Amino acid sequence: MERTAVSGRLSWQVAAVVSVTWETASVATIQLDPPDWAGHRAGQHLDVRLTAEDGYVAERSYSIASAPGEQLAITVERLEDGEVSPYLAGELRAGDELELRGPIGGYFVWEPGDGGPLTLLAGGSGVVPLRSMLRHRVNTASDVPARLLYSSRGWEDVIYRDELGQHHDGARVSYTLTRSRPPGWTGHTGRINSALLAEVAWPAKTNPLAYICGPTSFVETAAAGLVELGYPPERVKTERFGATGGR
Amino acid sequence: MDPIDGNGIGGLLIDAFGKEMTAVSSTCATCGARRPVAELVVYQRAPGTVVRCRTCGNVVMMLVKRGDSIDVDLSGLASLGQPDEDA
């Protein structure tokens, strides 16, 4: 094996926790104030590092939930068997400190100049980086049209529900609920499939740009479905976070 | 732990290579499949990270932290280029 020295170009720093806001019963948005933050692009990540008293270290990568220029924030789903998320979405309070580094990533990012129209497909907490893109689109007064399809277990599990319910100029948000639905639900139900994608995604002839984030099975189905509809594979950007939504 | 994809190890790759790598194109030495590092399959099991081809499943990269350095095995890759070299 080849050995390389750690470059240290991406330094760890200690950020103050500004606020912790619950989005659902198990998902919290954590606003952070790092001392040295050069700014980020919509869709990028940051790494979080927790160090136990015995020196055990656990690191995880989280999508940044805020848009460029806003107070830095991540949105974390608590996984009961997780090493990091139960602390972040459960123990952490405003005024605490959190070790992080970033921004990270150059693939799953969107800038207004990248164009669109945007087809955004979210499975569960995969909505987080797409929310950053939607906010960035509004904040920059971008005229790129956008459609978001958000697949969620139930209505009570929808993250950013109030925010997404407000109309963004030219952005259409639709939902499909896979497990439970509230009384009177008239939206889509069941897992994402070709017929649903054909209905909600921009037609391929409009030269759309797609971002898909969610559990691996969701992303694979959604990406294959868009390619089937005629999207060129290089216009379909994907991000997978495992089988159960672990982030 | 379930596999993630290359987007989730952007920080580790900066540690190893000194720069952003997720948008860089990779070519599998076994099957020739070409895709951005972000699209590769990633298994994170302490102490190492194993990266596999999404087409054929063969190991394309292994990264193991040792103190303040990282052992990097890229023998499963035929190429690891810059995105603008794809044109």
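This is a predicted model: local features need pLDDT of at least 70, side-chain atom pairs count only at pLDDT 80 or more; totals for chains, interfaces and linings use all residues.
The buried residues of helix H2 of chain A are A:Val127, A:Val128, A:Pro129, A:Leu130, A:Arg131, A:Ser132, A:Met133, A:Leu134, A:His136 and A:Arg137. With ten of 13 residues buried, H2(A) is mostly covered. The helix runs over residues 127–139, and its 13 residues should span 18 Å at 1.5 Å a residue; the C-alpha atoms at its ends are 18 Å apart, which agrees. After H2(A) comes A:Ala141, which has a positive phi, near 55 degrees.

One open sheet of chain A has six strands with parallel pairing, in the order E11-E10-E9-E8-E12-E13. Its edge strands are E11 (188–189) and E13 (236–240), each of which pairs on one side only. Inside the order, strand E9 (residues 146–152) and strand E10 (residues 171–177) of chain A run parallel and are joined by seven bridges. In this pairing A:Arg147 stands opposite A:Arg172 of E10(A). Helix H5 (residues 216–228) of chain A packs on the sheet, where it touches strand E8 (118–123), E9, strand E12 (209–214) and E13 of chain A. The direction of H5 makes about 160 degrees with that of E12(A).

The loop between H5 and E13 of chain A contains A:Leu229. This residue counts as partly exposed because its relative accessibility is 34%. Beyond residues up to four places away in sequence, A:Leu229 touches A:Leu197, A:Ala198 and A:Ala204. A:Leu229 and A:Asn193 are 36 residues apart in sequence, and their C-alpha atoms are 11 Å apart in space.

Chain A has a further open sheet of six strands, here with antiparallel pairing, in the order E5-E4-E7-E2-E3-E6. Strand E5 (57–63) and strand E6 (73–77) of chain A stand at its edges with a single partner strand each, so one side of each has no neighbour in the sheet. Neighbouring strands of this sheet are turned by 40 degrees against each other on average, direction ignored. Strand E4 (residues 45–51) and strand E7 (residues 97–104) of chain A run antiparallel and are joined by four bridges. A:Val48 has A:Leu100 in E7(A) as its bridge partner.

A:Glu99 pairs with A:Arg49, and their closest N and O atoms are 2.7 Å apart. Because A:Glu99 lies in strand E7 and A:Arg49 in strand E4 of chain A, the pair ties together parts that are 50 residues apart in sequence. A:Glu99 is partly exposed, with a relative accessible area of 21%, and A:Arg49 counts as partly exposed at 22% relative accessibility. Strand E4 of chain A also holds A:Asp47, which counts as buried at 6% relative accessibility. Apart from neighbours within four places in sequence, the contacts of A:Asp47 include A:Trp12, A:Arg60, A:Glu99, A:Arg101 and, from chain B, B:Gly11.

Chain B meets this sheet with a helix. Helix H1 (residues 10–17) of chain B lies across E4 and E7 of chain A, at about 70 degrees to E7(A). A salt bridge joins A:Arg101 to B:Asp15, with the closest N and O atoms 2.9 Å apart. A:Arg101 lies in strand E7 of chain A and B:Asp15 in helix H1 of chain B, so the pair joins two chains. A:Arg101 is buried, with a relative accessible area of 2%; B:Asp15 counts as buried at 9% relative accessibility.

The contact as a whole takes 31 residues from chain B and 30 residues from chain A. Between them the two chains bury about 2,400 Å², 49% of it on carbon and sulfur atoms. On the side of chain B, B:Asn7, B:Asp15 and B:Glu39 lose the most area to chain A, together 20% of what that side buries.

Five salt bridges are counted between chain B and chain A. One of the pairs is B:Lys65 with A:Glu59, whose closest N and O atoms are 3.4 Å apart. B:Lys65 lies in strand E6 (residues 59–66) of chain B and A:Glu59 in strand E5 of chain A, so this pair joins two chains. A:Arg240 forms a salt bridge with B:Glu39, the closest N and O atoms being 3.2 Å apart. A:Arg240 and B:Glu39 are linked with A:Glu220, B:Asp5 and B:Arg54 in a network of salt bridges.

Conventions. Residues are numbered from 1 along each chain as its sequence is written. Chains are lettered from A and ligands numbered from 1 in the order in which they are written. Side-chain values use heavy atoms; hydrogens and water are left out. Two strands pair if DSSP finds at least two bridges between them. Contact means heavy atoms within 4.5 Å. Axes are lines fitted to C-alpha atoms, for helices over the stretch in contact, and angles run from 0 to 180 degrees between N-to-C directions. The expected span of a helix is 1.5 Å times one less than its number of residues. Buried means under 20% relative accessible area, exposed over 50%, partly exposed in between (1.4 Å probe, protein chains only). Buried area is the accessible area (1.4 Å probe) that two parts lose on being put together, summed over both. A salt bridge is a side-chain nitrogen of Lys or Arg within 4 Å of a carboxyl oxygen of Asp or Glu.
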